[in-house]
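Could you walk me through this model in the viewer? I would like to know what to select at each stop, and what I will find there.

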Amino acid sequence: MTFPSIHRDRARRSGNKRGPFMATSSDISHRPSWRNGGVVSRLACATVQPLLSRVVRRIAARHTSLFARLGPHQGTDYLIDPVELPFALHLRPDPKNLLFRAVPRDAMPRGGAVIRGRFLLLLELIDSEEDGDAAFFSRDLEVTGDTEAVVRLRNALDDMDGSIADETAEMFGPPGRAVLARLRRSYGNS
């Protein structure tokens, strides 16, 4: 079942008369060709993977209770798709076999749960600074697959103290904090 598309403006501009819950896969799949795979996607994955590995290890060590809150969904494969980036993120929050990796668009695994939206919206959702229900119903966020797994992940993140984004930025010192501040400013202006 496909939930509302994040590309609501395109439908309005084209005069599309579909209701808010009538999104089709073509709404999401229309991306510039460089985002559909290729060299750029693989280079981007290779560049960010060491950072992702470091971040996930640190977050897992500091927030061990996160795994218990996921219950049976520790083994779920979550595909997090920031639509404007040349790659997606594959998360399996299994504390015995933790996986968080960047994957090229032409090699995305089948996710048990897929969360799709703009990168900075996803960042705000992780830090509970954005209302996930409002983002979903405004069609800025698309969720497919095991919605119970997504709800469990969201609740686990909501119960965390502090900000994952801030913790991640702190790992990289002043440059990390500066990048995060700039990302947040650009998101506020979009």
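**A tour by salt bridge**

Start by selecting Arg116 and Asp81: they form a salt bridge, with the closest N and O atoms 2.7 Å apart. The pair ties together distant parts of the chain, since Arg116 sits in strand E4 and Asp81 in strand E1 (residues 78-82), 35 residues apart. Color by accessibility here: Arg116 counts as buried at 13% relative accessibility, and Asp81 is buried too, at 0%.

Next, pick Asp106 and Arg42, whose side chains meet in a salt bridge at 2.8 Å, N to O. Asp106 lies in the loop between strand E3 (99-104) and strand E4 (113-117), while Arg42 belongs to helix H3 (residues 39-62), 64 residues away. Asp106 is partly exposed at 45%, and Arg42 is partly exposed at 41%.

Arg69 is in helix H4 (residues 65-70), and Asp159 is in the loop between helix H7 (147-158) and helix H8 (164-171).

Now zoom out to the whole chain, remembering that this is a predicted model. You will see nine helices and five strands, and 43% of the 190 residues count as buried. Finally, color by pLDDT: the average is 76, and 72% of the residues score at least 70. Select residues 1-36 last, where the pLDDT is below 50.

Technical notes. Residues numbered from 1 in each chain as written. Predicted model: local features only at pLDDT ≥ 70, side-chain atom pairs only at ≥ 80, totals over all residues. Heavy atoms only, no water. Helix = DSSP H or I, 4+ residues; strand = E, 2+ residues; numbered from the N terminus. Buried < 20%, exposed > 50% of the residue type's maximum accessible area, 1.4 Å probe, protein only. pLDDT = per-residue confidence, 0-100. Contact = heavy atoms within 4.5 Å. Salt bridge = Lys/Arg side-chain N within 4 Å of Asp/Glu carboxyl O.
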